Each structure stands twice: as structure tokens, then as C-alpha cells.
Amino acid sequence: FLEPVDPVSMNAYDYFEVVKRPMDLGTVDKKLENNQYSTCAYLLYDVLSTFKNACLYNPPENKVHQLAQDM
């Protein structure tokens, strides 16, 4: 959740076909540091997108999916 998905190193070659708006918590942190969020709602949207994308790409029995749901 802390870094962008690297489709090559993670063998997730179809990741960008499934996930149309990638997001990770590292990117959220950088956007926070650079004052790129005009409202808390935009921040929340990006944080939730991180976990929604993990659930979207990974099947329910996958540990990443389950961790994302817990978050």
C-alpha cells in the first residue's frame, strides 16, 4: 500500500487494464507534503482509492484483498 504497483516486478501485467486510477499511500504522503489537497475530501478519496484498488485487482481470497478490506 505504500508504493505504486510495479506491474513487471509484481507479475501484474494487466494491473492498469483493471485499475484505471492507481493510488498508493506514498503518493498520498507526497501530495500532502506538497499541499496538493484543497479539501479533506480529496485526501480521503485518494486514501480510500488505495484500498479499493487493492480489492478490485486482487480476488477475495488473496491476502492483499483481505488486508485492504480490513483497512
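Pro 4 touches Asp 24 and Thr 27 when residues up to four places away in sequence are not counted, contact here meaning heavy atoms within 4.5 Å. The structure is a predicted model, in which local features need pLDDT of at least 70 and side-chain atom pairs count only at pLDDT 80 or more, while totals for chains, interfaces and linings use all residues. Residues are numbered from 1 along each chain as its sequence is written, and side-chain values use heavy atoms, with hydrogens and water left out. The protein chain has four helices and zero strands, helices (H or I, at least four residues) and strands (E, at least two) being DSSP runs numbered from the N terminus.

**Overall architecture**

- Read along the sequence, the protein chain shows the pattern α-α-α-α, and its C-alpha atoms fill a box of roughly 35 × 25 × 20 Å, taken along the principal axes.
- Of the 71 residues in the protein chain, 25% are buried, where buried means under 20% relative accessible area, exposed means over 50% and partly exposed lies in between, with a 1.4 Å probe and protein chains only.
- The protein chain has an accessible surface of about 5200 Å², and 58% of that surface belongs to carbon and sulfur atoms; accessible areas come from the Shrake-Rupley method with a 1.4 Å probe, and for residues only the protein chains shown count as cover.
- Among contacts between residues at least 6 apart in sequence, 43% join residues that are at least 24 apart.

**Annotated span**

- The UniProt record, an unreviewed entry, places the feature "domain: Bromo" at residues 1-65; UniProt positions are given in the numbering used here, feature names are shortened, and annotations may be inferred rather than shown by experiment.
- In the model, the end C-alpha atoms of residues 1-65 lie 11 Å apart, and this span is 52% helix and 0% strand.

**Packing of H3 against H4**

- Two packed helices are described by the angle between their axes and the distance between the axes.
- Helix H3 (residues 40-57) packs with helix H4 (residues 63-70) at an angle of about 145 degrees, and their axes are 8 Å apart; axes are lines fitted to C-alpha atoms, for helices over the stretch in contact, and angles run from 0 to 180 degrees between N-to-C directions.
- The crossing of H3 and H4 is left-handed, a term used if the near helix is turned anticlockwise from the far one by less than a right angle, with right-handed used if the turn is clockwise.
- From H3, Phe 51, Ala 54 and Cys 55 meet Val 64, His 65, Ala 68 and Gln 69 of H4.
- The contact of H3 with H4 comprises, by class, five nonpolar, two polar and no charged residues; Ala, Val, Leu, Ile, Met, Phe, Trp, Tyr, Cys and Pro count as nonpolar, Asp, Glu, Lys and Arg as charged, and the others, Gly among them, as polar.

- His 65 lies in helix H4 and is buried, with a relative accessible area of 8%.
- Leaving aside neighbours within four places in sequence, His 65 is in contact with Ala 54, Cys 55, Asn 58, Pro 59 and Pro 60.
- Ser 49, which is found in helix H3, is buried with a relative accessible area of 9%, and beyond its neighbours within four places in sequence it is in contact with Arg 21 and Met 23.

**The segment before H1**

- Pro 4 has its place in the segment before helix H1 (15-18) and is exposed, with a relative accessible area of 54%.
- Pro 4 and Ser 49 are 45 residues apart in sequence, and their C-alpha atoms are 12 Å apart in space.
- Asn 11 is also found in the segment before H1, and at 58% relative accessibility Asn 11 counts as exposed.

**The loop between H2 and H3**

- Gln 36 lies in the loop between helix H2 (25-33) and H3, where it is partly exposed with a relative accessible area of 49%.
- Gln 36 touches Lys 30 and Lys 31, residues up to four places away in sequence not being counted.
- The C-alpha atoms of Gln 36 and Leu 2, which are 34 residues apart along the chain, are separated by 18 Å.
- Asn 35 lies in the loop between H2 and H3, and at 69% relative accessibility Asn 35 counts as exposed.

**Backbone phi values**

- Most residues other than glycine have a negative phi.
- Phi of Asn 11 is near 50 degrees, a positive value in a residue other than glycine.
- Phi of Asn 35 is likewise near 50 degrees, a positive value in a residue other than glycine.
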